[in-house]
Amino acid sequence: MADVRIWPNADELAAQAADFIITSAREAIAARGRFTLVFTGGSTPERAYTLLSQPHMAAQVEWAKCFFFWGDERFVPPDDERSNYGMAWRTLLEPIRASVPMLNIWPMPVEAHGPAQGAGLYAGALAKFFGLPPGADPPSFDLILLGLGDDGHVASLFPGHPTLDVTDQWVVSSPPGTLPPPVDRITLTFPVLNAARQVLFLVAGSNKAEAVQDILEGTPTIQKRPGVGIQPPHGTVTWLLDKDAASKLTK
Ligand code: 6PG
């Protein structure tokens, strides 16, 4: 059963998201000595990252014990404005760079020959970081942040696409789909997303209301609304919605 929390606007949602990330980091560090966080792209997360970088919030986290990964990436250079790495770097990591060793930052490799090679390299990097052998079960990130597309996509797992069925790879390439900008992407797959200890959805705006309602109250297929496939058997799922995104919920 998902934990659904509704906030008056996207700013309040972003503040709650920043608090959630801080709490999750502190708990993971207390329990296991480190915190592994997966970033998402998108406008709502961007506000949360900016808030987290503010000195009074940033001071609450031992950043040297935090390790940063990405759930999906557009196959563009880091300084391209469409880069999810670039967005997280500008809004959070650059402002706190004095506290974060560069070795803690694990962007998806967009310098590879193509997104398929980049996906393979990232899977290898994850295996190395988590100390897992080939063919092992996927790693459990402490916290995976996700947005939701207005079509119900998560990360770069788009409706009707074969990437939704992947069970034997941790990371795959994904074609542009219907969303602008039309660039190839790299994405974590369901097995990795569902191995998380915590998943936090950040969803704002009335354009998301129909997909949110369908996923939380309906019975759509994963092919139609990929977000419904986020069901970590050993983890929690929390939805932070603004009231526009929640406007079609009936319960
Ligand atoms: C990305 C992600 C995508 C995103 C949703 C929601 O674009 O980086 O791949 O899954 O989280 O499209 O994006 P917004 O929060 O900007 O609406």
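Trainee: Which residue in strand 9 stands opposite Val-4?

Mentor: Trp-239 in strand 9 stands opposite Val-4. Please note that this is a predicted model, in which local features need pLDDT of at least 70 and side-chain atom pairs count only at pLDDT 80 or more, whereas totals for chains, interfaces and linings use all residues. Residues are numbered from 1 along each chain as its sequence is written, and side-chain values use heavy atoms, with hydrogens and water left out.

Trainee: Why are strand 1 and strand 3 said to stand at the edges?

Mentor: The open sheet has 6 strands in the order 1-9-8-5-2-3, with parallel pairing. Strand 1 (3-7) and strand 3 (66-70) each have a single partner strand, so one side of each is left without a neighbour in the sheet. From one strand to the next, the twist averages 20 degrees.

Trainee: What makes the pair of Phe-69 and Phe-129 edge-to-face?

Mentor: The whole structure contains 15 aromatic pairs. For Phe-69 and Phe-129, the ring centres are 5.0 Å apart and the planes lie at 70 degrees, so the pair is edge-to-face. The rule is that rings of Phe, Tyr and Trp (its six-membered ring) pair if their centres lie within 6.5 Å; planes under 30 degrees apart count as stacked, over 60 as edge-to-face and the rest as tilted. Phe-69 lies in strand 3 and Phe-129 in helix 5, so parts 60 residues apart in sequence are tied together.

Trainee: Why does Phe-129 count as buried?

Mentor: Phe-129 has 14% relative accessibility and therefore counts as buried. Phe-69, at 0%, counts as buried as well.

Trainee: What makes the aromatic pair of Phe-201 and Trp-239 stacked?

Mentor: The planes of Phe-201 and Trp-239 are 10 degrees apart, and the distance is 3.8 Å centre to centre, which makes the pair stacked. Phe-201 lies in strand 8 (residues 198-203) and Trp-239 in strand 9, 38 residues apart. Phe-201 is buried at 0% relative accessibility, and Trp-239 is buried at 2%.

Trainee: Why is helix 2 called roughly parallel to helix 4?

Mentor: The axes of helix 2 (residues 43-52) and helix 4 come within 7 Å and cross at roughly 30 degrees. Helix 2 is therefore roughly parallel to helix 4. Angles under 35 degrees count as roughly parallel, over 145 as roughly antiparallel, 65 to 115 as roughly perpendicular and the rest as oblique. Axes are lines fitted to C-alpha atoms, for helices over the stretch in contact, and angles run from 0 to 180 degrees between N-to-C directions.

Note on methods:
Two strands pair if DSSP finds at least two bridges between them. Helices (H or I, at least four residues) and strands (E, at least two) are DSSP runs, numbered from the N terminus. Buried means under 20% relative accessible area, exposed over 50%, partly exposed in between (1.4 Å probe, protein chains only).
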